[in-house]
Amino acid sequence: MRKINVDVVRETVKKLCMEANYYCNNDIIDALKKSKKNETSSIGSNILDQILENADIADRKKMPICQDTGMAIIFLTIGQEIYFEGGLIEKAVQEGVRQGYEEGFLRKSIVKDPFDRVNTGDNTPAIIHYDIVEGNRLTIEVAPKGFGSENMSRIHMLKPSDGIEGAKEAIISTVDLAGGNACPPMIIGVGIGGSFEKAAFLSKKALLRDVGEHSVIPYVKNLEIELLERINQLGIGPQGLGGRTTALGIHIEVFPTHIAGLPVAVNIGCHVTRHAKKII
Amino acid sequence: MRKKITTPLNKEKIIELSAGDEVLLSGEVYTSRDAGHKRMIEQMERGENLPFDIKDAIIYYVGPSPNKPGEIIGSAGPTTSYRMDAYTPKLLDSGLSGMIGKGDRNEAVISAMIRNKAIYFAAVGGAAALIADKIVSSEIIAYDDLGTEALRKLIVKDFPCIVVIDSEGHDLYKSEKEKHRITKTN
Ligand code: SF4
């Protein structure tokens, strides 16, 4: 048994909330620079420049890349040999989010009830996903998710007979519909298979990959390459104002499913698809 | 070349601008988004005056992040505009001359824009730290209880915007996507 005090979890979550919001990951910067070379629209190209300059300013000033500092989505991958001491892990994570958003001058965007819509004032609750694995390591990943892009995400419960062509169509039409609302260039997470909620979960998890990091499954990798090309032919372009750079990457996860089903979940991420990770 | 324009934007200035123009905007703009819009419309329905003069004014759809001590404002990029579509025609009919946001607008908004000779700009969604750099003052003038959604008067200097729907209804979201599209989905 390895003991980990939950205070360490709280501190780590707090730091990761700030880091994720201030520093644009290098994989995204590289993908933006690369896409600029292929951008045919002059407005689109100017927008890509502004996005890069923005990331630079945010980095230097330690201020949020985007004012929508998101709903905090936390992934905890817990080695089963860990024993947590000092309190409840759930509470420690929520406290970390509360402190991170307060001390980091991040926007509080969470309302207590979907209908009365009163702000909770501290950006909690965060959404926490737990995964129990072998070993004694703890991986904490914080992925603040903005809702301009979240709102354009869709789940499609296809029939098995729709097949891979049906899945491609579902993904492309979702991106087409998202258009300028999701702050393109987008990063697209896709979950195929499982059940209704498993597909949605996988689509969110797919957004944690570095941009351009392909699936290890050969046919899925090919699907990612084909779909990225087709998506970048849609014409949406940076901010939906036309061009080649509609998406920087598409990441697909697949999972076994039921004989009667073919769930396809598409989680749209914007160019500010944030994630910061620490292994303890 | 980016055109420099200064608020308030009266009709004469607006008809000079066309979809696709990249501009640098300076002067006063007012901030409002979902809850703020609901509140403005409720006030108008009760026959009350709005907290600012809406004639020839510009509303920027933004909910900034909190400012650090010594800073004027936190990050302040645009939010998606379509959520305000239900309220916008009434504001345009009352004198509002333009909006800054991101994403397309519905037919009702576009016809109210044509009717009133108004303009819609896009700012770059996610370019929130860069835009904060262009804001020279920020003051909450009403709806303080709405937090990030409070009604603010901002003064901006060279705020980079793109005319996406002009006063004749030309819509860059529609025309440019078609121009750059290679395949059709079906
Ligand atoms: S969709 Fe992304 S870039 Fe756009 S406003 Fe939301 S978080 Fe920011």
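Which residue stands opposite A:Glu141 in β10(A)? Select A:Glu141 and A:Lys277: A:Lys277 is that residue. This is a predicted model, in which local features need pLDDT of at least 70, side-chain atom pairs count only at pLDDT 80 or more, and totals for chains, interfaces and linings use all residues. Residues are numbered from 1 along each chain as its sequence is written, chains are lettered from A and ligands numbered from 1 in the order in which they are written, and side-chain values use heavy atoms, with hydrogens and water left out.

**The sheet of chain A**

Show β5(A), residues 138–145, together with β10(A): the two run antiparallel and are joined by 4 bridges. Strands count as paired if DSSP finds at least two bridges between them; helices (H or I, at least four residues) and strands (E, at least two) are DSSP runs, numbered from the N terminus.

Axes are lines fitted to C-alpha atoms, for helices over the stretch in contact, and angles run from 0 to 180 degrees between N-to-C directions; contact means heavy atoms within 4.5 Å.

**A salt bridge within chain A**

Move to A:Lys36 and A:Asp49, which form a salt bridge (side-chain nitrogen of Lys or Arg within 4 Å of a carboxyl oxygen of Asp or Glu), with the closest N and O atoms 3.1 Å apart. A:Lys36 is in α2(A), residues 26–38, and A:Asp49 is in α3(A), 13 residues apart.

**The interface of chains A and B**

Finally, show both chains: 45 residues from chain A and 47 residues from chain B take part in the contact. The rule finds 3 salt bridges across this interface. One to select is A:Asp176 with B:Lys177, whose closest N and O atoms are 2.8 Å apart. On the chain A side, the elements giving two or more residues are α3 (42–61) and α6 (163–178). The largest share, 10 residues, comes from α3(A).
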